[in-house]
Amino acid sequence: MNYITIFAIKKYCRVSRVGYSNNFKYFCSVLNEFKEHIENQFPELLKSKFLLACSGGVDSVVLAHLCCQCGLDFSLAHCNFKLRGSESDEDERFVRELAKKLKKPIWVKQFNTQTYVESHKISVQMAARELRYAWFNELMARQHIKMLVTAHQLDDNLETFIINLSRGTGIKGLIGIPPKTETIARPLLPFSRAQLLEFAKKEHIEWREDQSNAETKYLRNKIRHGIVPILKELHPTFLNNFIETQEFLKQIAAIADNHINQLKEDIFQEEGDVIRIKIESLLPLNPLKAYVHALFGVYGFTEWEDLQHLLTAMSGKEVRSRTHRLVKDRDFLLLANIADDFQEAFQIKKEDTEVQTPIGLRISTVNIIEAVGPDVLYVDKETLKYPLVLRKWQKGDYFYPLGMGGRKKLSKFFKDEKLDVISKEKQWLLCSDNKIVWVVGKRADDRFKITEKTKYILKIVLN
């Protein structure tokens, strides 16, 4: 530790010579532990500017002081949710003053949280979370800042663990708050609330008390004030035991993740934007429910019994999450994103030479037939009636496959082509006067083919 750092700490402590030694040692211990933790786990914070979320409470204020003493480059960001009248405004004033003392830039945003709650029909806690993180993301993008630092600490992690446990969760939920994501860092997670409080008191650091934290109408506060103190009373080393338990859980989760990732490599077959999973590769897995949870939970699925039943269900059955769908298709499960389904028809005018939506087509009049293939269509231009229409297939659709000479239902054609459920849903048809001209990219209709009498050849290429 160099002279300048020691001088800064001495000035920072502001204590009498009698009490200086213990306070100085405690300060150095906490500061060094924090600095070492940053160097080992968050080296990116040493290299670039970040945003520090500061409510004015003891955790975020101590975090700001520690980051400042470590010489880190950051700005403060404070949210005024306007939920506690003048108290909320006092919090804002306090954080602005803190920024001045630390000589750091500050960003403040005031929200009409109650209006947001009423319009979105969600809880106050959820509204505050959505509002603050949306603003943090916007602010970081505008200021070209890559990392947000929050003051979540060890007791927060314990409370999250108990909340998830009470609601029912897998091993991921028991691991608790992650120390770091792509855009959020939580360097205080190894420190308990008692440590931070003791540090703040010894170093005469001021902070604001949010009186709502003492109210037990919220689940987290009930756990904080009613359950955690009893656990700590029963086991004085409870927090240390909790840290060790979570470390074991993380290691077990890492082993499980490695196994599941290897299994996915073996049985998940990517075909374009669809993943095919052979059902016979899933059925022998034991315990099946645990494997189903591990394989598909990341895609947002939660109805585990429905997913298991899907393995033996009739073809065409499916289960959906908010973002994905899992469809039974004969001997396979098909996993795909839920995209916006185009239900409307798209017109192509006679003068159009290019189409971008819903698929890419290039249209031109040619004199001779050159390159051929499934992505190229040649038709007799005079057999068409405009506007042409691009649409999805419907029940009862039929066409006259080129070269067959007879009529065929589209459902039978799809079956012969071995198209799965999702591929059939995505299939586009080019139509003229309600007649199918082209099963796009697959088969042309015989009624529009080039003949000896053809005067004008229309060429359509699928991009």
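Select Pro387 to start. Pro387 sits in the loop between β14 (376–380) and β15 (388–392). Helices (H or I, at least four residues) and strands (E, at least two) are DSSP runs, numbered from the N terminus. The peptide bond from Tyr386 to Pro387 is cis, and omega is near 0 degrees.

This is a predicted model, in which local features need pLDDT of at least 70, side-chain atom pairs count only at pLDDT 80 or more, and totals for chains, interfaces and linings use all residues. Residues are numbered from 1 along each chain as its sequence is written, and side-chain values use heavy atoms, with hydrogens and water left out.

Go to Thr357 and Pro358. A cis peptide bond joins them, with omega about 5 degrees. Pro358 belongs to the loop between β12 (354–355) and β13 (361–366).

**Two residues with positive phi**

Select Arg330. You are in the loop between β9 (324–329) and β10 (332–337). Arg330 is not a glycine, yet its phi is positive, about 55 degrees. Is Arg330 buried or exposed, or partly exposed? It counts as partly exposed, because its relative accessibility is 43%. The cut-offs are these: buried means under 20% relative accessible area, exposed over 50%, and partly exposed in between (1.4 Å probe, protein chains only).

Jump to His204, in the loop between α10 and α11. His204 also has a positive phi, near 55 degrees. His204 counts as exposed because its relative accessibility is 53%.

**The largest nonpolar core**

Show Phe34, Phe50, Leu52 and Leu76. Of the 35 residues in the largest nonpolar core, these four touch the most other members. Such a core is a set of buried Ala, Val, Leu, Ile, Met, Phe, Trp, Tyr and Cys residues joined through side-chain atoms within 4.5 Å. Next, color α2 (17–41), β1 (50–53), α4 (58–69), β2 (74–80), α5 (86–102) and α10 (193–202); each supplies at least two residues of this core. Which element gives the largest share of this core? The answer is α4, with seven residues. In soluble globular proteins, nonpolar side chains tend to be buried together.

Zoom in on Leu52. Among the residues it touches are Leu63, Ala64, Phe74 and Val149, with residues up to four places away in sequence not counted. Contact means heavy atoms within 4.5 Å.

**Cysteines**

Search for disulfides (pairs of cysteine sulfur atoms within 2.5 Å). The whole structure has zero. Cys68 is partly exposed, at 23% relative accessibility. Cys79 is buried, at 13%. The closest cysteine sulfur to that of Cys79 is in Cys54, 11 Å away and too far for a bond.

**Helix α7**

Select residues 124–143. This is helix α7, with 20 residues. Its expected span (1.5 Å times one less than its number of residues) is 28 Å, and its end C-alpha atoms are 28 Å apart, which agrees. Its buried residues include Leu131, Trp135 and Phe136. Among the elements covering its buried residues are β1, β2 and α6 (113–120). Just after α7, His144 takes a positive phi of about 60 degrees.

**Last stop: two crossing helices**

Select α8 (residues 154–167) and α11 (residues 219–234). Their axes come within 10 Å and cross at roughly 105 degrees. That makes α8 roughly perpendicular to α11. Residues making the contact include Leu158 and Ile162 of α8, and Ile223 and Ile227 of α11. Axes are lines fitted to C-alpha atoms, for helices over the stretch in contact, and angles run from 0 to 180 degrees between N-to-C directions. Angles under 35 degrees count as roughly parallel, over 145 as roughly antiparallel, 65 to 115 as roughly perpendicular and the rest as oblique.
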